[in-house]
Amino acid sequence: MAKLEFYRQQTTPRVIAPDVGGLGRIQSGLGQAGEAIARGAVAAGQMIERRNLEVEKRREDEAAIDASAKSIELTSRWMQEEQALQQEAEAADDFETYADTAQERYNALVGEYLPNLKSDKARDWFAQRSGLQGLEVQNRSMQYQARSSVAKTVRVATQGADDARRVVLSDPSQYAPMASSLDLIADRISDADAREKFRGQQKALLAQDAASTAIDKNPYAMRKALDKKKGETGYAFLDALDPDSIGPLKNEADRRIREIEAQRKAEQAKVREQLNQTIKDQEALLLAGYPVKNPLSRAQFAAGGLDAKAYAEYQESFRIGAMAASFAGMSPDQINSALQNEKPAPDQEGFANRSARYNVLQKSAAQIITDRNKDPIQFAEARGLMPVGQLDPVNPDAFTAELKNRATIGKTMRKEYGAPTRLLKQGEAEAFSNMLGNMTPVQKTDFLKQISRSLDRDSYTAVMQQLAEGVPVTALAGRMMVNDGSILLRQGSFGSADETVLVANVASKILKGEELLNPSEETKKLIGKASYPMPTETLLRPAWNAVVGDAYRGDVQSELVSYEAFRAYYAAEMAERGDNTGRYDAAIAKRAARAVSGGVTDWNGSKIILPFGMPADTTLTILRSQFGKYRGVANIPKDAELDDYELMTIGDGKYAVLQGTTPLVDNNGRFVVVQAK
């Protein structure tokens with residue numbers, strides 16, 4: 001506003017009024033009149049002149065105000081233009097022509113305003129004012145251009161320095177060549193201050209990065225080097241460090257060493273834990289008699305922080321374990337002999353450890369014998385004792401061939417290892433039991449006959465004993481099915497023959513009755529789930545007991561199975577007569593009890609079960625003959641007879657010899673048993 005006032009003062013004309021006081025001295029009338037006219041004319045002229053001056057002044061004032069407004073507008077527009085120019089230059093990353101471009105743009109803006117100003121004086125003032133501002137624009141744009149160019153150079157140089165830092169972060173040994181590269185990069189910066197600042201900062205960062213990476217890779221070596229004097233560290237990047245950086249780097253090395261040590265201990269603890277678990281797993285395998293394929297090495301023990309003594313103990317355990325694994329191919333007598341050889345003496349060195357390993361051997365031997373007796377076929381397959389195939393009843397030829405193979409394996413396992421005769425694996429026995437449970441009587445008969453035709457009598461009986469765990473009544477019928485004998489149902493009187501029934505027919509009737517009482521899935525689909533109506537247990541149980549008495553006192557499980565077979569036989573008999581009322585028929589119940597039990601006979605006031613299809617007199621003759629081998633054994637007198645003792649049925653055709661209620665034993669402490677088969 002001061003400039004605007006100055007401009008007004010310079011453009012407003014000064015008016016010097018004339019001295020009209022002398023007119024008063026003219027006294028004549030004419031003179032006064034003329035004077036008055038003259039004064040009027042002068043006054044009128046002065047008024048016109050003042051009016052013109054005022055108009056001119058207003059015009060100039062307007063022109064001055066307009067010029068001032070446009071000057072402000074020019075400044076505002078240039079600020080926006082300058083910002084846009086700088087953004088363009090930064091976007092293009094090109095600052096070389098910025099000052100010239102800015103001056104051209106500014107002059108162009110000025111050129112837009114000058115023709116439109118309202119007076120020459122306003123134009124002169126605007127030109128002078130914009131010219132002064134143009135000098136400021138030129139100066140500021142040149143400063144921006146120089147500053148930005150240097151910044152660009154530094155930025156480019158920094159990118160190169162970052163590349164050099166990445167190299168030493170990967171490989172600290174590249175510090176020297178990367179430092180030389182930084183010197184070359186710094187020399188490209190034209191501004192001396194910026195150049196030296198860049199060189200100092202980037203070299204310090206490069207050395208720091210190299211040192212940090214080297215510490216991370218090998219903190220132990222770096223920690224020793226950091227304790228040495230500058231120039232004697234053996235590392236160029238350490239020698240290039242600022243003294244103030246040494247302390248923090250030592251702390252960093254110490255921290256890294258602690259981390260490594262903690263990690264090493266943790267890893268060692270983890271390895272030790274895994275190692276201990278592996279040792280336990282291997283000991284478990286050895287305990288079960290399995291060989292260990294990949295024994296642990298000394299280096300593995302060292303990695304887990306276990307000493308040589310622990311490894312020596314492991315090797316000894318491994319030797320014992322290998323011996324335990326060999327038990328799988330030994331007979332019980334051979335196993336006992338091996339155990340005796342390994343039994344430690346109290347005066348032996350390391351008796352405690354030897355005793356512990358001996359206990360492992362004992363447990364392993366016991367486990368092997370248990371597993372071998374529990375599932376001989378599975379044991380033979382798992383230990384590679386004999387080749388075992390799959391039993392596939394869908395393929396009759398293959399099924400028959402494998403059954404014969406199993407019979408051979410079963411006999412070998414019994415002869416060589418004392419294992420019981422079991423031809424089916426546990427899983428197979430369960431599967432066949434389930435399969436039989438869902439068969440019709442005809443299907444069961446066909447399947448059981450298929451098995452019987454493939455095996456000798458003892459092997460077939462062994463299979464039936466295994467199936468008895470799942471389908472006991474069916475297994476009982478299966479055992480009877482292959483018997484060619486007959487069972488006495490009723491003793492003939494004068495003039496009438498004995499009434500007998502073939503054992504095989506009893507088996508067939510049991511299967512039919514079982515289907516009535518426990519329908520297969522196929523039968524259930526046809527007739528529903530309702531079972532055949534039967535008399536109450538209060539009627540059936542006494543009828544059964546009246547026939548068998550105490551004959552099953554030594555084999556309760558067989559009594560339970562036989563009773564269920566008795567119910568099945570009764571149901572089949574009643575169904576054949578077309579009686580579905582569930583009424584009780586005492587005669588049929590008696591026949592069913594005699595048929596299913598196979599026959600019962602008295603012996604010294606108690607009852608025994610006869611073998612299926614063998615008459616009582618034949619059975620007793622064989623038993624008396626069998627007893628002869630026991631005379632003079634243990635407490636049995638040489639002249640003793642079987643008739644002097646009691647008999648108790650303990651299996652099909654097997655009887656324990658008792659004195660009163662106490663079983664007789666031989667010299668080896670085994671029960672005295674006579675067999676009718």
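**Salt bridges**

Guide: Lys444 forms a salt bridge with Glu514, and their closest N and O atoms are 3.3 Å apart. Lys444 belongs to helix α17 (residues 441-454) and Glu514 to helix α20 (residues 503-517), so the pair ties together parts 70 residues apart in sequence. Helices here are DSSP runs of H or I with at least four residues, strands are E runs of at least two, and both are numbered from the N terminus. Lys444 and Glu514 are both buried. Buried means under 20% relative accessible area, exposed over 50%, and partly exposed in between, with a 1.4 Å probe and protein chains only. The salt bridge criterion is a side-chain nitrogen of Lys or Arg within 4 Å of a carboxyl oxygen of Asp or Glu.

The model is predicted: local features need pLDDT of at least 70, side-chain atom pairs count only at pLDDT 80 or more, and totals for chains, interfaces and linings use all residues. Residues are numbered from 1 along each chain as its sequence is written, and side-chain values use heavy atoms, leaving out hydrogens and water.

A second salt bridge joins the side chains of Glu469 and Arg422 at 3.6 Å, N to O. Glu469 sits in the loop between α18 (457-467) and α19 (472-481), and Arg422 in the loop between α15 (396-417) and α16 (426-437), so this pair ties together parts 47 residues apart in sequence. Glu469 is exposed at 63% relative accessible area, while Arg422 is partly exposed at 26%.

Asp585 and Arg583 also meet in a salt bridge, at 3.7 Å. Asp585 is buried at 17%, and Arg583 is partly exposed at 43%.
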